[in-house]
2 protein chains.
Amino acid sequence: MIRPGVRYDPTPGDEDECSELLGYNEDWTGRYRGSSPLVLKPANTAEVSSILRYCHDNCIGVVTRGGNTGLCGGATPLRDEIVLSLEGMNNIYGLDEHSGILTCDSGVILENLHAYSNERGYLFPLDIGAKGTCQIGGNVSTNAGGQYFFRFGGLHGTVMGLEVVLPDGRVLHLNMDNVDDDGTVQRTKRISTHRKDNTGYDLKHIFIGAEGTIGVVTKVAIACPALPTSKNATLLVCDSYCDVLKVMATAKVELGEILSAMEFMDHNTLKLVQAHGFGGNGDGPRLLRDMLQSDPSKQESDRSRQLYLLVETQGSNSADDASKMDNFLAHLYDSGTIRNGFLAQDSRQMTEMWRIRESCNPSVLRAGCVYKFDVSVPIEDYMTIAREVEGRLFASVKHVDPIVCVWGHVNDGNAHINIVTPGRFETESAIEETIETIVFDEVLKHSGSISAEHGIGQKKNEALGRLKDENIMVIMAQIKALFDPHGIMNPGKYLPNKYQHNMCK
Amino acid sequence: MIRPGVRYDPTPGDEDECSELLGYNEDWTGRYRGSSPLVLKPANTAEVSSILRYCHDNCIGVVTRGGNTGLCGGATPLRDEIVLSLEGMNNIYGLDEHSGILTCDSGVILENLHAYSNERGYLFPLDIGAKGTCQIGGNVSTNAGGQYFFRFGGLHGTVMGLEVVLPDGRVLHLNMDNVDDDGTVQRTKRISTHRKDNTGYDLKHIFIGAEGTIGVVTKVAIACPALPTSKNATLLVCDSYCDVLKVMATAKVELGEILSAMEFMDHNTLKLVQAHGFGGNGDGPRLLRDMLQSDPSKQESDRSRQLYLLVETQGSNSADDASKMDNFLAHLYDSGTIRNGFLAQDSRQMTEMWRIRESCNPSVLRAGCVYKFDVSVPIEDYMTIAREVEGRLFASVKHVDPIVCVWGHVNDGNAHINIVTPGRFETESAIEETIETIVFDEVLKHSGSISAEHGIGQKKNEALGRLKDENIMVIMAQIKALFDPHGIMNPGKYLPNKYQHNMCK
């Protein structure tokens, strides 16, 4: 029943298979690499169950793989674990027209869920830059956040049901009908999932963000809100973070329930976007240039403290929404809260604005070696922390000319702090350690979290062990042992080494 | 350090204390009664920790008590457990003006949190009928739902941080600063909680809805949305459930993001509200009469299939909202979807509309003996199930003249099915068993859930054991044993007997 998958033959063999296998052993950034000899591509839940039971019984490590868009190496083998790729499980079972609950397999690409729900008058409530490649199972397993978190809620709020396969092959239907008993999906049967289900410990939440360490998510049911029909976007230029806070407060009053995104970018970031992300003379590059030079009389050194916001609204009535946006902007201009503002005149310009925001990550990667952090901090300390990090970096690793770039979902307190060392393209572990110590130290000094939305994987598990309360770490290890007593699921990741249990010892 | 609390002295003693103790041994409906000899009222987390550690070490059962508004006897002792009342822990620590996150003790009464957040420009995202009495810790521990669930999300989405005391006295700070180490709350220090925190298994979700079986929730941090400044409400009369579905679809399009509640009531329910809930000639009674007799030419027997909806909007601009509501009603009239509609002209009328809705429960209780169910069902089957239950009741317990009353949060698929036997005021266990079998059977036939928002307590734990997947029950028992190895927390409830472990065996 198990498909043969891709097997690595260490003697020279099929070149294509070797190169395909390499793809499954490397993460997209090229930073993490494993040596798995086998990729399995199950077609349904029953096959996942058989695979896991076999691995459980024989103490074989398993790494579950989605769209390979993670940032912490969570879906890349550490050593020779089997790779379980869910790409072949990509059915969408339906969207209940009354409840708005969409049910699908884990391997469906996020963008396909956007299209499917939009066609039916609903909005899929998760949106992230990697939507064209990432899979919903990976999104759930990493508890992906993104720009709609503020308006439409996180996955703990929107995921209503899960189907999960445990390491020993048992299948749990958590607030979701079992329609897959015999291994053939009965696509004609409705899969029921409820918005409210208070029948015991809500186990599905343990799997949201568990990064494949206690089981494999095979089906997902997510509640979608009614599709907004009107969208507006504006790019704002502020002189100080104090003004950014005022924009946020004004948005709460003037935009109220239609505010759908508030994306922050600092000057360092947009300078790199200009240098590495946008060429030519289109709308996007022109807009970017105008923003960066909002006050032509200023020196560049004065402008370097300028901060930028992309504010988006989504609502159900274009006239009402336009008037709310006008009031919002008028209020900001009148109160001197913004230096400049650009209102998108059509959907093309809106797309260009989002293209600027989504170019932040690829642009810094092109600029040099990047030390990436994804932290939660108190909103009022958002830029203070970045400045403090900058100051300490200049004092300790000035020789690599570090540039501190900050962008992120400011109304969630979620800052993507990226330290760029221009012209260098290899990470240096001594520098990395210094930078990580400084960033985490500043974040924790302000009671922040060292992982807001990117997760743990193989990147932050040891830091977690050092920095998180031991009582919590002990319970995490007990949860891991409860679900995965042989320690076969994503071994060596998520938990620090001292809390990992050996396979079948 | 532990306050003496109220101790029951079996020899005649202080009459006031005895009567106070009785209050803690009985639930508000009078249905459940225990015989606890001791109520403890800790003042802070350190005291809760000391109490639990002592009980853990000495195998003493503990029932945590909030505002005594539960419907399943979850906070009433079964036998002689100690009652831990959190009423003395009622500090509100603050509401972060930027993130909207409010932090407070578990014993704060829900209505006080409404007032506190409203004064600061935020809406507390949970509202239930018992708000004047219930406590937020109880709300979290029962995963309370209520009318704002649809718009503002459930507690798994809005609760950002928890402080929890485990049975052995360990205190967990789950996405929440520890400010209480020495037993004196440092009220001057900000308590930080983040919207996004991806640092391991999200343990707080196991405690949401755990009904005090694995620990005691002592502090809560909840994210509040910006306070809507405009509110509208309308009462609609429909001839069929098919029309109710059309109203829901129209609301999605015309009201969009400002739809805040969609409350359903059937004719049987409103007849009992009229008979037992509303007297006199005020706005409420007049409105109720007009609704019930929307078509004076009809016979009462024809009217009995009429269905009623309370639709509420909340937004940030009164002119925009009024125009959306007008379009909504015009569309419903033009398409013949409603027989009649009443639009509240002022806040007084809006209050009267909600008073009708909130009278459903007390009115049926006054009408006779009530067998209460709180189920989730597919939205399209909402009334089908009620009719099927009605048919089967007439066939099996016709002699008690059962009246099937249905109301609830229809856009969540949450139906409060109440079987009323007029004139009888004592439950009969044979009848109860018959009714429960019929209701649960119909609900499960339609893939429903036997508890939508009221929880399990001592009412549904055995049914849970019969009806829920055994794989899930086994894991629930393992979770219970992991956190509460001596089985001291709310013993005998939540899990069916066969999954309970004896204290300190």
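Buried here means under 20% relative accessible area, exposed over 50%, and partly exposed in between (1.4 Å probe, protein chains only). This is a predicted model, where local features need pLDDT of at least 70 and side-chain atom pairs count only at pLDDT 80 or more, while totals for chains, interfaces and linings use all residues. Residues are numbered from 1 along each chain as its sequence is written, chains are lettered from A and ligands numbered from 1 in the order in which they are written, and side-chain values use heavy atoms, leaving out hydrogens and water.

**View 1. Two asparagines in chain B with positive phi.** Asn175(B) has a phi near 55 degrees, positive although the residue is not glycine. Asn175(B) sits in the loop between S8 and H7 of chain B and counts as buried, at 13% relative accessibility. Phi of Asn68(B) is also positive, near 55 degrees. That asparagine, Asn68(B), belongs to the loop between strand S3 (62-65) and strand S4 (82-85) of chain B (strands are DSSP E runs of at least two residues, helices H or I runs of at least four, both numbered from the N terminus). Asn68(B) is buried too, at 18%. For background, most residues other than glycine have a negative phi.

**View 2. A salt bridge from chain A to chain B.** Glu453(A) and Lys196(B) pair up through their side chains at 2.9 Å, N to O (a salt bridge puts a side-chain nitrogen of Lys or Arg within 4 Å of a carboxyl oxygen of Asp or Glu). The pair crosses between chains: Glu453(A) comes from the loop between helix H16 (429-445) and helix H17 (461-467) of chain A, and Lys196(B) from the loop between strand S8 (171-174) and helix H7 (204-207) of chain B. Glu453(A) is buried at 10%, and Lys196(B) is buried at 2%.

**View 3. Helix to helix in chain B.** Glu442(B) and Arg392(B) form a salt bridge at 2.8 Å, N to O. Glu442(B) is in helix H16 and Arg392(B) in helix H15 (residues 382-396), 50 residues apart. Glu442(B) is buried at 1%, whereas Arg392(B) is partly exposed at 30%.

**View 4. Around Ile479(A) in the nonpolar core.** The largest nonpolar core has 143 residues, and Ile479(A) is one of those with the most contacts inside it (a core is a set of buried Ala, Val, Leu, Ile, Met, Phe, Trp, Tyr and Cys residues joined through side-chain atoms within 4.5 Å). Setting aside residues up to four places away in sequence, Ile479(A) touches, among others, Ile206(A), Tyr201(B) and Ile479(B) (contact means heavy atoms within 4.5 Å).
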